[in-house]
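Open the model in your viewer and keep the selection tool at hand. The tour goes from stop to stop, and each stop begins with something to select.

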Amino acid sequence: TRSVGVTGVQTCALPILLDLEHIIREYQPTEAAVALVRDTKIALLTGISGAGKDTIKRQLLRSPSFRDIVSHTTRAPRVDNGQPERDGVEYHFIDQATALTMLRNHQFIEAKFVHGKVYGTSTAELQLAHDHQQTAITDIDVQGVAEYEQLAPGCIAIFIVPPDYPTWLERLKQRYATEAEFQAAWPKRRQSAIAELSHALEVPYYHVIINDDLSRAVRVCGEIIERGDIFNRRDDEARLIARDLLDYLISEDAA
């Protein structure tokens, strides 16, 4: 969910930051927002960073039956694979004062405060998908998926895993300009992957797929979304790969 374009995050006084953190901690969507979530077909794509969820989402969005849920954030736009993020495409980039107003007006379905930045999904974004009878689709973290599942059990949640550790590492390194940048970010990336894999393997609501071939992964995601819970689960192999990847990361972390 994103909003007015800004070139970067504006510096805000500490009281606004404290207000944002407090409101988000207590934030609850309106009854109308919850009803909208339950009345809209929603597909949530998640997975560890570098698994390919954003690429799969872009492929699915080629079909007019899908609409992207563009999130709002107070962080500044980044450069990803040499391409700068665009307002209204990757995110709606807003300042903290705008985020505070939106929160006070209950314009978000869900919102979170991560490392001093606000991330949230606006009701208006989901309303567009509902009104056009489209499937709302987004790539989201596991915390966001859990929030949607609490609001509307039965949302289609797909956890995407890379085929193996070396392939994942190669994909992840492509996001950084230098090896030094990757090494600086690696401890945080590794811990996040451990937490996300652990969570996905514990909860019952995920379909798990392997992104070893992009066209196949897109096709399988489309089938899962189309058929929902009726889909014949074929994710045992994917769960084993996810478990192997988790075990490797834990053992590496211990070493």
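A residue is called buried if its relative accessible area is under 20%, exposed if over 50%, and partly exposed in between, using a 1.4 Å probe and the protein chains only. This is a predicted model, in which local features need pLDDT of at least 70 and side-chain atom pairs count only at pLDDT 80 or more, while totals for chains, interfaces and linings use all residues. Residues are numbered from 1 along each chain as its sequence is written, and side-chain values use heavy atoms, with hydrogens and water left out.

**Stop one: aromatic rings**

Select Trp168 and Trp186; Trp168 is buried, and so is Trp186. Rings of Phe, Tyr and Trp (its six-membered ring) pair if their centres lie within 6.5 Å; planes under 30 degrees apart count as stacked, over 60 as edge-to-face and the rest as tilted. The whole structure has 9 aromatic pairs. Trp168 and Trp186 make a tilted one, with 5.7 Å centre to centre and 55 degrees between the planes. Trp168 lies in helix H7 (residues 165–173) and Trp186 in helix H8 (residues 179–202), so the pair ties together parts that are 18 residues apart in sequence. Helices (H or I, at least four residues) and strands (E, at least two) are DSSP runs, numbered from the N terminus.

Next, select Tyr176 and Phe182, an edge-to-face pair at 5.9 Å centre to centre and 65 degrees between the planes. Both Tyr176 and Phe182 are buried.

**Stop two: two loop residues**

Select His106, in the loop between helix H4 (96–104) and S7. Its phi is near 55 degrees, a positive value in a residue other than glycine. His106 has 36% relative accessibility and therefore counts as partly exposed.

Then move to Gln133, in the loop between helix H5 (123–131) and strand S9 (135–139). Gln133 is not a glycine either, yet has a positive phi of about 55 degrees. Is Gln133 buried or exposed? At 76% relative accessibility, Gln133 counts as exposed.

**Stop three: a pocket**

Select Tyr27, Gln28, Glu110, Ala111 and Glu147, which lie nearest the centre of the second largest pocket, among its 15 lining residues. On a 1 Å grid over the protein atoms alone, a pocket is an open set of points where a 1.4 Å probe fits, with protein on both sides within 12 Å along at least five of seven lines; lining residues have an atom within 4 Å of a point. Strand S7 (108–114) is one of the elements that supply at least two lining residues, and S7 gives the most, with 5 residues.
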